[in-house]
Amino acid sequence: MHEYGATNFTQEGARLSEVSYVLDSTAFYSGIPYQGSGRYYTTYSVLDEVKHKSIGSQLVHSRVKVTEPSKSSIEKVRKNAEKTGDINSLSEADLSLIALALDLMESGDAVYLVSDDFAVRNVADSLGIPLSQTVLKGSGWHRISWVMKCRGCGKEYRESRLNECPVCGTKLVKKPLNNS
Ligand SMILES: [Zn+2]
């Protein structure tokens, strides 16, 4: 897996500058756009989140290209997030970010989506979008499938949009699918 760390960046600066990075808010907090010369992208809704936390918006504007994803990509991401069971964990900003990475990828860019968010990574991975983390976390990450589990009768459902158990009416909780 590609890792986005400061040391890594210095060593591979030349190569990394050819690559586009789509940044989520955690990437801004970790200071990624303020170092090096990669091509950085984000969406307006992510920038709003970052501004909210008053991170130097002037600097962000000068280093980061802010753009909106296509509607068709947002739809595609939404459909995939329903399939993977992550739809309820994703904000509009999350959806826009994955869709932007998809747009760039489909236009032939070498792109990495930089996010530590589990649901974002899960859905991006299901769409074949290359991922990068903001911090070095080893290779522990893998894609997860979710099930909705009933705390009343114990039945499990693969349909992520269910909120209540169709059998007994108890509220369902989301949990990772046990593959074993
Ligand atoms: Zn039940």
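The secondary structure of the protein chain comprises eight helices and nine strands. The model is predicted: local features need pLDDT of at least 70, side-chain atom pairs count only at pLDDT 80 or more, and totals for chains, interfaces and linings use all residues. Residue numbers start from 1 along each chain as its sequence is written.

Of the 180 residues of the chain, 34% are buried. A residue is buried if 20 or more other C-beta atoms lie within 10 Å of its own, exposed if 12 or fewer, and partly exposed in between, with C-beta atoms placed from the backbone. Contacts require C-beta atoms, placed from the backbone, within 7 Å. Among contacts with a separation of 6 or more, 57% join residues 24 or more positions apart.

Helix α7 spans residues 92-106. Its 15 residues reach 21 Å from first C-alpha to last, close to the expected 21 Å. The expected span is 1.5 Å times one less than the number of residues. Burial covers most of α7, with 13 of its 15 residues buried. Gly 108 follows α7 and has a positive phi, near 95 degrees.

Three strands form an open sheet in the order β8-β7-β9, with antiparallel pairing. β8 (156-157) and β9 (172-176) are the edges; each has a single partner strand, so one side of each lacks a neighbour in the sheet. Pairing requires at least two DSSP bridges between strands. β7 (residues 146-150) pairs with β8 in the antiparallel sense over two bridges. Lys 149 has Glu 156, in β8, as its bridge partner.

Definitions and conventions. Helix = DSSP H or I, 4+ residues; strand = E, 2+ residues; numbered from the N terminus. Contact = placed C-beta atoms within 7 Å.
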